[in-house]
Amino acid sequence: MLKNLSTLFCGAMLLSACGVFHKSDANANRAAQTKQAPLPTRASDGSARVAINGTEIQKMEFQSGISSATVEKLAKARSCFGGVGAGLVTPPGPIEVYRMVCDNGQVFMARCELRQCKAM
């Protein structure tokens, strides 16, 4: 009986040791996977890519739209001046969203539906 108990104990020790070594290998593999290669400067669609604190941010290129001038006038009426102008954020269509960065760092956004624009 004592012999069977010691054999069982030794077997359990061997199995637990295998589990410990397996976990350390898994941790090493996980650490190797988390190391990221430097991000390319362009995404597959050609847009600019930036990483801040490990989080990838896609920068949108400026694109003017049909109502850009109207949105710029709305922004000017709300004391938002400067920058490149009002850029189209959504795809062109009957409903569009525009974004304009003001000189003071604030962001002015407007929604235009069939060329009728309102500040958001």
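Trainee: How many helices and how many strands does the protein chain have?

Mentor: This is a predicted model. The protein chain has two helices and six strands. Along the sequence, these elements follow the pattern α-β-β-α-β-β-β-β.

Trainee: In what order do the strands of the open sheet lie?

Mentor: The general idea comes before the case. Strands of a sheet pair through backbone hydrogen bonds, and the pairing is either parallel or antiparallel. Here, an open sheet of four strands has the order S3-S4-S5-S6, with antiparallel pairing. Strand S3 (87–88) and S6 each have a single partner strand and therefore stand at the edges, with one side left without a neighbour in the sheet.

Trainee: How many bridges join S3 to S4?

Mentor: Two bridges join these antiparallel strands, S3 and S4. Gly87 has Arg99 in S4 as its bridge partner.

Trainee: Over how many bridges do S4 and S5 pair?

Mentor: Strand S4 (residues 95–101) pairs with S5 over seven bridges, in the antiparallel sense. Val101 has Val107 of S5 as its bridge partner. The hairpin of S4 and S5 has five residues between the strands, and Gly105 in this hairpin takes a positive phi near 95°.

Trainee: Which residues of S6 stand opposite Arg111 and Cys112?

Mentor: Lys118 in S6 stands opposite Arg111, and Cys117 in S6 stands opposite Cys112. These pairs belong to the antiparallel pairing of S5 with strand S6 (residues 116–119), which extends over four bridges. In the hairpin of S5 and S6 there are two residues between the strands, and Leu114 takes a positive phi near 50°.

Trainee: What share of the 120 residues in the protein chain is buried?

Mentor: A residue counts as buried when its relative accessible area is under 20%. By that criterion, 18% of the 120 residues in the protein chain are buried. The accessible surface of the chain comes to about 9500 Å², and carbon and sulfur atoms account for 60% of that surface.

Trainee: What is the volume of the largest pocket, and which residues are the closest to its centre?

Mentor: The largest pocket has a volume of about 300 Å³. It is lined by 13 residues, of which Met60, Phe62, Gly87, Arg99 and Val101 are the closest to its centre. S3 and S4 are the elements that give two or more residues to this lining, and S4 gives the most, with three residues.

Trainee: How do the residues of that lining divide into nonpolar, polar and charged?

Mentor: The lining of the largest pocket has seven nonpolar, four polar and two charged residues.

Conventions. Residues numbered from 1 in each chain as written. Predicted model: local features only at pLDDT ≥ 70, side-chain atom pairs only at ≥ 80, totals over all residues. Heavy atoms only, no water. Pairing = 2+ DSSP bridges. 1 Å grid on protein atoms, 1.4 Å probe; cavity = no way out; pocket = protein on both sides within 12 Å on 5 of 7 lines; lining within 4 Å. Points joined across faces, edges and corners; volume = space filled by probe spheres on them. Nonpolar A, V, L, I, M, F, W, Y, C, P; charged D, E, K, R; others polar. Buried < 20%, exposed > 50% of the residue type's maximum accessible area, 1.4 Å probe, protein only. Areas by Shrake-Rupley, 256 points an atom, 1.4 Å probe, with all protein chains shown as cover.
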